[in-house]
Structure formats: structure tokens, C-alpha cells
Amino acid sequence: MSASSVQASTIKRDPPADPALLKVLAWFLILIALPFAWFAFSRAHSQVSSHSWPMASAEVLSSSIYQRTGRRRDWCVKVSYRYRVQERLYTRNRPGVSIVGNSGCDVDKSVVQQWLSTLAPGSAVLVHYNPADPTQAAIQLVGLDMGDYVLCIVPLVFFATGAWGLRQAKKMKPL
């Protein structure tokens, strides 16, 4: 055996890819993308459409200030308010539309304290409510921020990667 044939036989080659495994991974990415996309796009839609929702008067039930723990050390307002839509009474405990986000928060404590001073218990505030679902309401409207855009892009990337994986698996020969 010559030296070149010994070297050639000791070179490691990557094992052939398994198209079935690639299909499973691709479908996993697509299935993960769907609920993620629903959450991201419904959150973004609510934040954008809330600016055109009708308004009602609300009564502040309680309000306080707290500082977030963790990476972001923002100051936030915790507020509870009650409002009436078509003779039905609703109570909400969030200043904004979304269950996650920065509504009612700021890095500057004085900004949050100033807003808190307008939210004394018993005071009246305006609330924007979703006419299709009056349980969805906000006393502070926010627009889309960079986090919202990223939240919408991530499931699109997952879906596109999954679709690409399915196409690649279709081109491969089975093991």
C-alpha cells in the first residue's frame, strides 16, 4: 500500500445526512414558529390598533411604584382601575394592552413618579378599550419598539428555516 492510499483511507468523511431527521427538525421549527408568530403579531396588532379604540372614563382603584429586578432595572407603575362599557363594569390591573412590555415603565424614576401622581386612588382617567373585547384596555398607549419588531421577525426566520430544511430533505437521497 502506498503512502498516499494510506492517507486517503484515514481521512474522515462526514456521515451522510439523514433526510428523515432533517424533515423532523424542519417541521419542529415550523410548528414552533406558529404559536410564536400568533403571539408576536397579535401583540403588535393590539398595540397599533389600540390608538383608534374608543375611550371611556375609568376610576383608579390603586396605584404604586416598583423597580424591576433582573437585567432591566426600570421603574414601573402598578395600577388597578375600573371602567364601564355598555353598562358592564370591568377591572384591569395593567396600564398597557400587552401582558409583557414596557408600558408604565421608565429608567428614570422621576418620570414614573410624575405619572403616578396623576393616578391617585379615586381619580378619573381615560381608558382606551377594544370594542370587540372590552376586557382589553389601556390607560397608557405605547407604539411598537425594537423588541416588537424582533418578536415578529424571529418566528418568520424559524418558519423560513423550516421550509428551507424541508426543501433540502426532499432533494436528499434516503439512507
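The model is predicted, so local features need pLDDT of at least 70 and side-chain atom pairs count only at pLDDT 80 or more, while totals for chains, interfaces and linings use all residues. Residues are numbered from 1 along each chain as its sequence is written, and side-chain values use heavy atoms, with hydrogens and water left out.

Side chains of opposite charge can pair when their charged atoms come close. A search of the whole structure finds 3 salt bridges, each defined as a side-chain nitrogen of Lys or Arg within 4 Å of a carboxyl oxygen of Asp or Glu. In one of them, Asp-148 meets Arg-43 at 2.7 Å, N to O. This pair links distant parts of the chain, with Asp-148 in helix α4 (residues 146-171) and Arg-43 in helix α2 (residues 19-49), 105 residues apart. Helices (H or I, at least four residues) and strands (E, at least two) are DSSP runs, numbered from the N terminus. Asp-148 is buried, at 3% relative accessible area, and Arg-43 is buried at 11%; buried means under 20%, exposed over 50%, and partly exposed in between (1.4 Å probe, protein chains only).

Glu-59 and Arg-82 also join their side chains in a salt bridge, at 3.3 Å from N to O. Here too the partners lie in distant parts of the chain, Glu-59 in strand β1 (residues 55-67) and Arg-82 in strand β2 (residues 75-85), 23 residues apart. Glu-59 is partly exposed at 33% relative accessible area, and Arg-82 is partly exposed at 30%. Asp-74 pairs with Arg-68, their closest N and O atoms being 3.9 Å apart, and both residues are buried.

Turning to the nonpolar residues, the core is a set of buried Ala, Val, Leu, Ile, Met, Phe, Trp, Tyr and Cys residues joined through side-chain atoms within 4.5 Å. The largest nonpolar core has 18 residues, of which Val-79, Tyr-81, Tyr-83, Leu-119, Val-127 and Ile-139 touch the most other members. At least two residues of this core come from each of β1, β2, α3 (109-117) and β5 (124-130), and β2 gives the most, with 6 residues. Leaving aside neighbours within four places in sequence, Val-127 is in contact (heavy atoms within 4.5 Å) with residues including Pro-54, Met-55, Tyr-81, Tyr-83 and Ile-139.
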